[in-house]
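Here are my notes from going through this one. Have the viewer open while you read.

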Amino acid sequence: MCYYKYMRMKTSQACKYLGVARHTLYKMIEDGMPAHRSIGGHYMFDQEEMDQYIGKAPALPERMAVGYCRVSTKIPIDRALPLPM
């Protein structure tokens with residue numbers, strides 16, 4: 001029996017682990033992410049190899065949340081208090 005230090009994952013499990021869609025995972029494989037093929041032709045992923053690849057891969061752009069708040073006031077703008085910085 002063969003034991004691995006880290007878990008081997010199927011495609012759907014690797015997608016959940018990395019937090020990406022299936023087509024993004026296939027693009028990562030094309031870009032050089034290590035993936036193994038089973039006898040049936042299915043991709044299998046080693047957690048340690050994925051962690052090493054992600055550590056070397058360029059960072060994905062972070063998502064930014066933008067909030068909008070409309071404030072109405074009856075005070076004229078020239079008399080309004082300055083905002084703290």
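1. Start with Met33: at 3% relative accessibility, this residue counts as buried (buried is under 20% relative accessible area, exposed over 50%, partly exposed in between, with a 1.4 Å probe and protein chains only). Met33 sits in the loop between α2 and β2. Helices here are DSSP runs of H or I with at least four residues, strands are runs of E with at least two, and both are numbered from the N terminus.

2. Before going further, the ground rules. This is a predicted model, where local features need pLDDT of at least 70 and side-chain atom pairs count only at pLDDT 80 or more, while totals for chains, interfaces and linings use all residues. Residues are numbered from 1 along each chain as its sequence is written, and side-chain values use heavy atoms, with hydrogens and water left out.

3. What does Met33 touch, not counting residues up to four places away in sequence? The list is Leu18, Leu25, Met28, Phe45, Met50 and Tyr53, with contact meaning heavy atoms within 4.5 Å. Take Met50: it is 17 residues from Met33 in sequence, yet the C-alpha to C-alpha distance is 7.1 Å.

4. Two of those contacts, Leu25 and Met28, bring us to helix α2, residues 22-30, where Leu25, Met28 and Ile29 are buried. These three cover an arc of only 100° around the axis, so they lie on the same side of α2 (the arc is that of the directions from the helix axis to the C-beta atoms). As background, an α-helix has 3.6 residues a turn, so residues three or four places apart point the same way. His23, Lys27 and Glu30, on the other side of α2, are exposed. After the helix comes Gly32, with a positive phi near 115°.

5. Now the sheet. It is open, with three strands in the order β1-β3-β2 and antiparallel pairing; strands pair if DSSP finds at least two bridges between them. The edges are β1 (8-9) and β2 (36-37), each pairing on one side only.

6. The β1 pairing with β3 (residues 43-46) runs over two bridges.

7. On the other flank, β2 and β3 also pair over two bridges, in the antiparallel sense, and Arg37 is partnered with Tyr43. Their hairpin has five residues between the strands, and Gly41 takes a positive phi near 95° there.
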